[in-house]
Structure formats: C-alpha cells, structure tokens
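Dear colleague,

I am handing over the structure we spoke about, with the sequence alongside. Please keep in mind while you look at it that this is a predicted model; my notes follow below.

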Amino acid sequence: MNNTLNLFIFIILIVAIAIVEVFHLDLTIAHYLYQLEGGKWSLQNAFITSTVVHTGGRWLVIAVSLCVLTILGVKLWRKQDATPYIYLVASVVTSMVIINILKHTTHMDCPDHLLQFGGQYKYVSLFEFRPKGWEYGGVCFPAGHASGAYAWISLFFFSLLQGKRRYSFLIIPFVIGLIFDWSQQLRGEHFFSHGLFDLLIIWSVSNLYYVWFRNKKGNIAE
C-alpha cells in the first residue's frame, strides 16, 4: 500500500480523536443517543444489540479465528509457505493484546456508569487524572467488542502479502466493526472515540507488521 495513503489515514484518525476530545463530542453523542432512547439505555438488553450483535458477533469472531488458526496449522504441518497467515495471526493477536492491556490500565467508565446517564460516577476523560480518593472506573477503553472485527482489517495487508489487493478484505471487517461499535454505543457500553482508538491501534499494528513481513519475504507485489 502507498506510504502516503497510510500516513494520511493515520493522520485522519489522530485528528478525528483530537476533535472529539477538544469539543467533548463523546458526551454530546452519548447524550443524543441516551435521549433518543427515552432517557435510558433501552437498547442495552434488546435482542438485536445484545443477543445478535454482541453475543452473535463474539461467536463470529471466534469462528473466524479458529478457521485462520486451522489453516495456519495445516500449512505449517505440510511445510507450505505460511507467511501471510503468520502475519495475520501476529497482527490480530498483538492488536487485541494492546487493546486489552489498555482496557485494564486506563480504567475508563462506560456511559452507563456516569451520573448524567443513570450511573453513579462523574465523567473523567482519558487525558484527565482521577481525583485522589476516587475509586477506579470500568474497563471500557478502548472498545473491546468492536476491536474483534476491526482487528481483521489486517486481512487487507494479508492479501498484499499474497501479491493481491483485495479491498473487500478491508471494507468487510471495517463495516462489521462499525456495526459492533455503534451497537455498543446504543447500549451505553462505549463512547464514540473508543472505536477511533481501536482503528488507530489496529491500523498502526497492521502496517508495522506488514512492512516487517514484506521486507522479510521480499518481492511482494504492490
């Protein structure tokens, strides 16, 4: 992929996150959704958002992961070139580990934890320190569920390592990730910026691994 385009996408994500933070758009969007649902998170336990998108989506991600691991195992067993699959697994696992670590160290609250949205805590942004004596918040940052789909954006770079350029491998995970992302926002489980941070982390990891694997493999079609 063109380095200029890569850098452009990276900068766009950084700028988008900065705009959301400066103009407090996380709270604005969450407030709009909360009021749209009648002053409560009425879709939090709805069948579509909870059972289909959240639970079903989790099983979809698990199924895809098992398929990829199975193919990787077969290729290694047959001593075939498994470089693209090793890249894919490394990229997805690294992205998910980074996001999981951040979730358990940033202690960000979900919208439904906050006073203005029916919870019990005051809002503290990512770049603010919690006042001394405050108990730590939740594990809502970055978006965990959406990252399960966004992480597969690395499929696009996987296709490049195979000498192809399949934009569908970029678009499909992104669209599914958006569905996961907005479903969680409708449930009061995440803020808008949490998905942007997912994309920033995953895009960066996918690119870094791609450059490393491309240079290692050599002569990959651009």
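Where α1 and α8 meet, the α1 side is made up of N6, I9, F10, L13, I14, A16, I17 and V20, and these residues face F192, S193, L196, F197, L199, L200, W203, S204 and N207 of α8. Sorted by class, this contact holds 13 nonpolar and four polar residues, with no charged residues. The two helices, α1 covering residues 3–22 and α8 covering residues 192–217, have axes that come within 10 Å and cross at roughly 155 degrees. Because angles over 145 degrees count as roughly antiparallel, α1 is roughly antiparallel to α8, and the crossing in which α1 passes α8 is left-handed.

As for annotation, the UniProt record, which is an unreviewed entry, places the feature "transmembrane region" at residues 7–34, 59–77, 84–102, 136–160, 167–185 and 191–212. I looked at two of these spans in the model. Residues 84–102 are 100% helix and 0% strand, with their end C-alpha atoms 27 Å apart, while residues 191–212 are 95% helix and 0% strand, with a separation of 33 Å between the end C-alpha atoms.

Helix α6, which runs over residues 154–161, is mostly covered, since eight of its eight residues are buried; they are S154, L155, F156, F157, F158, S159, L160 and L161. The cover over these buried residues includes α1, α4, α7 (168–186) and α8. After α6 comes G163, which has a positive phi, near 80 degrees.

Two individual residues may also be of use to you. M96 sits in helix α4, residues 83–106, and is partly exposed, with a relative accessible area of 30%. If residues up to four places away in sequence are not counted, M96 touches G144, S147, G148 and A151. The C-alpha atoms of M96 and Y150 are separated by 9.9 Å, although these two residues are 54 residues apart along the chain.

T49, by contrast, is found in helix α3, residues 47–77. Is T49 buried or exposed? T49 has a relative accessible area of 6%, and because buried means under 20%, T49 is buried. Leaving aside neighbours within four places in sequence, the contacts of T49 are L43, Q44, H54, S183 and R187.

With best wishes

Key. Residues numbered from 1 in each chain as written. Predicted model: local features only at pLDDT ≥ 70, side-chain atom pairs only at ≥ 80, totals over all residues. Heavy atoms only, no water. Axes fitted to C-alpha atoms, helices over the stretch in contact; angles between N-to-C directions. Helix = DSSP H or I, 4+ residues; strand = E, 2+ residues; numbered from the N terminus. Parallel < 35°, antiparallel > 145°, perpendicular 65-115°, else oblique. Left-handed = near helix turned anticlockwise from the far one by under 90°. Contact = heavy atoms within 4.5 Å. Nonpolar A, V, L, I, M, F, W, Y, C, P; charged D, E, K, R; others polar. UniProt positions renumbered as here; feature names shortened; annotations may be inferred. Buried < 20%, exposed > 50% of the residue type's maximum accessible area, 1.4 Å probe, protein only.
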